[in-house]
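This report describes selected helices, helix contacts and individual residues of one protein structure. Please consult the sequence and the model while reading.

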Amino acid sequence: MSKRFTVVGQPLPKIDAWGKVTGDTRFADDMVLPRMAFGKLLRSPHAHARVRAIDTARAKTVPGVYAVITGADLPRVKFGILPVSQDEEALCTEKVRMVGDAVAAVAAVDEETADRACRLIDVDYEPLPALMSIQESLAHPEVRIHEYGDGPNVHKNVALQFGDVEAAFAASDLVREDVFFYEGNTHLPMEQHAAVAHATADGKLTLWSSTQTPHYVHRLLARILDMPAAHIRVIAAPVGGGFGGKLDPFAHEIAACRLSQLIGRPVKIACTREEVFYIHRGRHPVLMWIKTGFTKAGDITGCHLKTWLDGGAYGSYGVASTFYTGVINPVTYKMPVYKFEGARIFTNKPPCGPKRGHGTPQPRFALEVQLDKAAEQLGLDPADMRRRILVEPFTKTANHLTVTTIGLGECIDKVVEASGWRDKVSRYRAAAEVDAPKPLWQPRRRRGVGIACSSYMTGAGTAIYWNSMPHSGVVLRADRSGGVTVLCGATDIGQGSDSILAYLVAEVLGLDPKDVHVHPADTSLTPVDLGSYSSRVTLMCGQAAIQAAERLRSAIFKAVAAKLDVDAGALAMRERKVGVPDDWEKAVDFARAVELGEAMHGVLAFAGSYAPPKRAGKYKGGGVGPSPCYSYTACVVELSVDEDTGEVELHDVWIGHDIGRALNPLLVEGQVEGSVYMGIGEAVMEAQVFRKHVHKAPSMLEYKSPTTLETPEIHTMLVETDDPEGPFGAKEAGQGPLLPVMPAIANAIYHAVGVRVDEIPITPEKVLKGLELKRQGKAARVGPDRVPLFTFKQPLVVESAFGAPAEAIAVRPFSDTPS
Amino acid sequence: MNIRLSLTVNDESRELLVPVHKTLLEVLREDLDLIGTKHGCELGECGTCTVLVDGAPVLSCIALPADLQDSDITTVEGMADGSRLHPLQQAFAELGAAQCGYCTPGILLTAKALLADDPTPTRQRIREALAGNLCRCTGYTKILDAVELAALRMGQRPVRAMT
Ligand code: FES
Ligand code: FES
């Protein structure tokens with residue numbers, strides 16, 4: 001590649017790596033303040049109950065207890081992360097809707113005392129019937145979990161239609177209808193949520209929290225505590241893993257704030273692992289019905305998808321999740337017409353929300369397994385079939401999303417080549433057909449390979465609350481020492497966003513990333529960034545940082561140009577110097593250049609802002625799905641299945657990812673590997689399930705997740721497409737690569753043993769059941785066969801925008817170079 | 001009831017008076033301010049709280065200091081030699097083996113014990129040694145790579161004997 005970049009593209013260590021390997025990094029629970037008290041929440045043992053009364057008298061008498069509060073000690077406001085779903089209370093006052101709902105909180109001299117006091121709080125509950133599944137919630141409209149929504153226990157009901165799918169099906173050579181189920185699972189970050197609140201005598205409040213969205217927490221706290229936002233400061237502690245699990249405002253944060261206000265001491269509340277399982281906001285269980293038409297050659301003629309989401313007890317991000325189960329599928333393959341119907345149902349379980357891939361892994365699983373089935377029926381190779389039908393770059397999809405660059409073809413070529421796909425596809429299949437008898441003591445293992453592809457957003461095109469302000473802001477301050485400071489509200493949750501900011505600023509200013517100090521998110525100091533979700537940070541904060549750095553650069557150029565008596569346009573910055581490339585001898589040190597700049601302009605502080613191009617489809621619901629650009633991924637999995645035990649052993653995963661540009665290939669690989677790993681866990685073992693109203697596996701031992709032994713070798717291949725929307729061409733890597741893993745595994749299992757498990761997770765029991773059906777000569781398929789009786793809304797009918805050309809570079813608010 | 005403890009922590013001898021039921025994790029974090037040791041479950045299930053006791057990995061969340069009188073404890077804070085990082089720390093930082101970094105201290109110490117036992121472990125051996133340490137961020141790939149790199153470097157140049 002050309003020498004266009006010096007920092008970008010280098011496999012540099014993260015700027016915070018040193019603190020992390022020495023134990024210096026201070027996570028929220030590592031914070032200790034003088035006089036700090038410890039808090040605990042009392043949580044409901046009932047899945048659904050009316051709260052008749054709460055008596056805290058006994059708890060208050062425990063020595064060492066500073067305060068005991070209930071919902072009565074908080075302003076009566078309901079809140080929720082989305083403006084349309086304001087249905088939560090930090091401490092429930094009238095009703096609990098799940099086991100784990102908080103009803104009271106204690107602050108005490110230590111955790112043990114707080115815990116003891118919690119046990120002495122008397123709550124009088126009147127149990128109500130608990131609805132623990134979509135079917136139960138729909139069958140019992142007389143039991144209402146919430147009073148709002150699109151019907152009894154229906155949180156959201158959406159229906160969108162782009163073009164005439166029925167006509168498309170009628171003109172197809174093959175039409176398939178399949179039903180799939182994807183069980184819920186949870187983020188399981190290694191760090192349990194923790195928060196420290198400090199209300200001070202001046203009436204102000206500071207909260208340190210392991211949160212992915214300090215800005216939203218800040219806004220909501222002001223409402224929830226009924227105090228001016230200007231008097232609240234939220235500081236994001238380094239986050240020990242988020243994956244979407246730390247995106248909502250939580251009861252422990254709010255209770256810590258209120259307790260601190262009441263007792264005049266800092267208060268820490270650290271959740272236990274069991275509490276984290278109940279806090280949840282993870283992957284929705286989704287039942288899906290998908291009907292797709294194909295031509296003989298494998299083109300998709302049209303697709304109709306229905307999804308039913310088990311939302312749990314609260315709204316959370318659920319409205320967005322519901323849309324996401326439908327809107328991203330058309331971004332991968334040519335899909336001329338499309339219809340989507342989705343419904344989110346309330347149940348008395350911990351609320352689901354955004355987990356890595358937010359709402360899209362489930363329909364991706366359905367689509368990619370269905371494509372595999374169709375390829376077999378049409379006699380096509382599943383890799384070739386996908387390769388043929390990819391979306392064209394710079395076009396629109398049926399549902400009006402704008403695709404810019406797409407490197408998926410190259411991703412497919414790479415994984416097909418590296419995995420030895422062509423050879424293995426026929427060799428393993430042939431081996432499966434000869435039923436070589438084996439001695440009983442030898443395991444009967446069969447190998448298989450499977451492929452799947454996917455796409456994901458690089459940042460949501462619209463904010464959670466409607467506004468026309470920047471989604472990301474950066475303030476850059478140059479120091480006379482020659483260092484620069486980046487102030488940005490982005491939260492580093494381990495993905496390396498602080499490092500990315502340092503790399504980009506260093507690149508523009510010709511510095512070493514070490515010269516760049518990145519200040520962590522702090523609502524009193526850093527400009528707003530909406531948060532670490534929807535894979536938005538690298539792109540949005542990155543663009544804002546580049547803009548700020550370019551503004552700083554031109555101010556410095558102006559001053560140096562005057563000094564050297566040259567044209568500012570002739571200057572360059574590199575190696576910590578500023579000068580004319582052809583006359584580098586005369587170049588001045590960056591520190592000196594800053595002094596010249598300050599002498600000319602005053603303090604050198606510049607802002608950068610980013611907001612995505614306004615490309616939302618002009619229809620109701622068109623705001624969910626648009627993104628500046630989409631990342632693409634192709635995945636081949638090789639595994640073997642033990643025919644006696646049903647166990648699946650993964651051998652290798654080849655993953656090709658269109659990253660636009662790898663700003664740091666090491667960090668990109670890390671994101672890809674982590675995504676693949678998490679996809680494997682979802683595919684074969686992880687499940688957030690309930691028995692008798694309580695979590696069946698609320699511990700790290702019972703909730704199975706992959707260890708080093710179950711995680712196979714992951715071979716990552718990056719494809720660069722240099723997207724015009726991304727910072728130096730970059731797209732996302734943190735979520736997209738998870739998506740194709742589950743269907744690739746399901747397809748490989750079918751390839752190995754001829755069993756279709758249309759349900760996630762694919763446990764050994766399900767595989768064995770399929771093998772047994774096969775032995776009996778029945779259809780070797782395990783999965784749901786029925787969908788709920790449910791009436792979707794009349795669809796909103798919009799013309800399909802499929803194939804329409806997209807603007808090469810969209811006009812963007814706040815941009816310096818309008819096109 | 002309190003108990004008098006005497007421990008050597010990161011080569012310093014410490015005398016403490018702590019409630020008898022306090023775990024080693026709590027004593028390290030709360031009484032000795034060694035917050036580098038993290039916790040993911042406090043039930044002995046995730047490996048995050050691993051420290052070395054007389055060179056062997058121990059889950060500090062289920063270890064009672066009362067049982068560990070006079071033993072030698074190493075936490076992540078004791079890995080570097082003054083300002084010089086341990087080769088494992090260096091490799092983890094260079095290769096991006098710490099993403100959020102929350103699991104990192106426990107994994108570093110487990111790997112340190114492995115390399116003391118087997119200076120040239122196979123990848124499979126590393127996998128087995130780290131099987132009790134969960135990491136949700138990395139997919140383990142870079143962690144395995146980093147342990148291999150550290151082993152290679154430690155074998156290549158004479159380093160002072162690791163305790
Ligand atoms: S915190 Fe000790 S094993 Fe999890
Ligand atoms: S780096 Fe985050 S859990 Fe391992």
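This is a predicted model: local features need pLDDT of at least 70, side-chain atom pairs count only at pLDDT 80 or more; totals for chains, interfaces and linings use all residues.

## Helices and their surroundings

In H7(A), the buried residues are Ala251(A), His252(A), Glu253(A), Ile254(A), Ala255(A), Ala256(A), Cys257(A), Leu259(A), Ser260(A) and Ile263(A). After H7(A) comes Gly264(A), which has a positive phi near 65°.

Because twelve of the 14 residues of H3(B) are buried, the helix is largely enclosed by the rest of the structure. The buried residues of H3(B) are Thr104(B), Pro105(B), Gly106(B), Ile107(B), Leu108(B), Leu109(B), Thr110(B), Ala111(B), Lys112(B), Ala113(B), Leu114(B) and Leu115(B).

One residue of H3(B) may be considered separately. Lys112(B) lies in this helix, and it counts as buried because its relative accessibility is 7%, where the cut-off for buried is under 20%. The C-alpha atom of Lys112(B) is separated by 8.9 Å from that of Val147(B), although the two residues are 35 apart along the chain.

## Helices packed against each other

Two packed helices are described by the angle between their axes and the distance between the axes.

| Helix pair | Residues | Angle between axes | Distance between axes |
|---|---|---|---|
| H2(B) and H5(B) | 87-95 and 141-156 | about 135° | 8 Å |
| H15(A) and H16(A) | 537-564 and 590-601 | about 95° | 8 Å |
| H17(A) and H18(A) | 665-684 and 741-753 | about 55° | 8 Å |

H2(B) and H5(B) pack at about 135° and are therefore oblique to each other. H2(B) passes H5(B) in a right-handed crossing. In this contact, Pro87(B), Leu88(B), Gln90(B), Ala91(B), Phe92(B), Glu94(B) and Leu95(B) of H2(B) meet Lys142(B), Ile143(B), Asp145(B), Ala146(B), Val147(B), Leu149(B), Ala150(B), Arg153(B) and Met154(B) of H5(B). By class, the contact of H2(B) with H5(B) contains eleven nonpolar, one polar and four charged residues.

The pair in chain A formed by H15(A) and H16(A) packs at about 95°, which makes H15(A) roughly perpendicular to H16(A). On the side of H15(A), the residues in contact are Ala555(A), Ile556(A), Lys558(A), Ala559(A), Val560(A), Ala562(A) and Lys563(A); they meet Phe590(A), Arg592(A), Ala593(A), Val594(A), Leu596(A), Gly597(A), Met600(A) and His601(A) of H16(A). These residues divide into ten nonpolar, two polar and three charged.

H17(A) and H18(A) pack at about 55°, which makes H17(A) oblique to H18(A). H17(A) passes H18(A) in a right-handed crossing. Val676(A), Gly679(A), Ile680(A), Glu682(A), Ala683(A) and Val684(A) of H17(A) meet Val741(A), Met742(A) and Ile745(A) of H18(A). The contact of H17(A) with H18(A) has seven nonpolar residues, one polar and one charged.

## A buried strand residue

Ile714(A) belongs to strand S30 of chain A, which covers residues 713-719. With 6% relative accessibility, Ile714(A) counts as buried. Apart from neighbours within four places in sequence, Ile714(A) is in contact with Val653(A), Ile655(A), Glu673(A), Val676(A) and Tyr677(A), and also with Gly139(B) and Thr141(B). Ile655(A) is 59 residues from Ile714(A) in sequence, yet their C-alpha atoms are 7.4 Å apart in space.

## Backbone details in loops

His280(A) has a positive phi, near 55°, although it is a residue other than glycine. This residue lies in the loop between helix H8 (273-279) and strand S13 (286-294) of chain A, and with a relative accessible area of 3% His280(A) is buried.

Asn10(B) is likewise not a glycine and has a positive phi of about 50°. Its place is in the loop between strands S1 (2-9) and S2 (12-19) of chain B. Asn10(B) is buried, at a relative accessible area of 18%.

Finally, the peptide bond from Ile760(A) to Pro761(A) is cis, with omega near 0°. Pro761(A) is found in the loop between strand S32 (759-760) and helix H19 (764-775) of chain A.

How values were computed: Residues are numbered from 1 along each chain as its sequence is written. Chains are lettered from A and ligands numbered from 1 in the order in which they are written. Side-chain values use heavy atoms; hydrogens and water are left out. Buried means under 20% relative accessible area, exposed over 50%, partly exposed in between (1.4 Å probe, protein chains only). Helices (H or I, at least four residues) and strands (E, at least two) are DSSP runs, numbered from the N terminus. Axes are lines fitted to C-alpha atoms, for helices over the stretch in contact, and angles run from 0 to 180 degrees between N-to-C directions. Angles under 35 degrees count as roughly parallel, over 145 as roughly antiparallel, 65 to 115 as roughly perpendicular and the rest as oblique. A crossing is left-handed if the near helix is turned anticlockwise from the far one by less than a right angle, and right-handed if clockwise. Contact means heavy atoms within 4.5 Å. Ala, Val, Leu, Ile, Met, Phe, Trp, Tyr, Cys and Pro count as nonpolar, Asp, Glu, Lys and Arg as charged, and the others, Gly among them, as polar.
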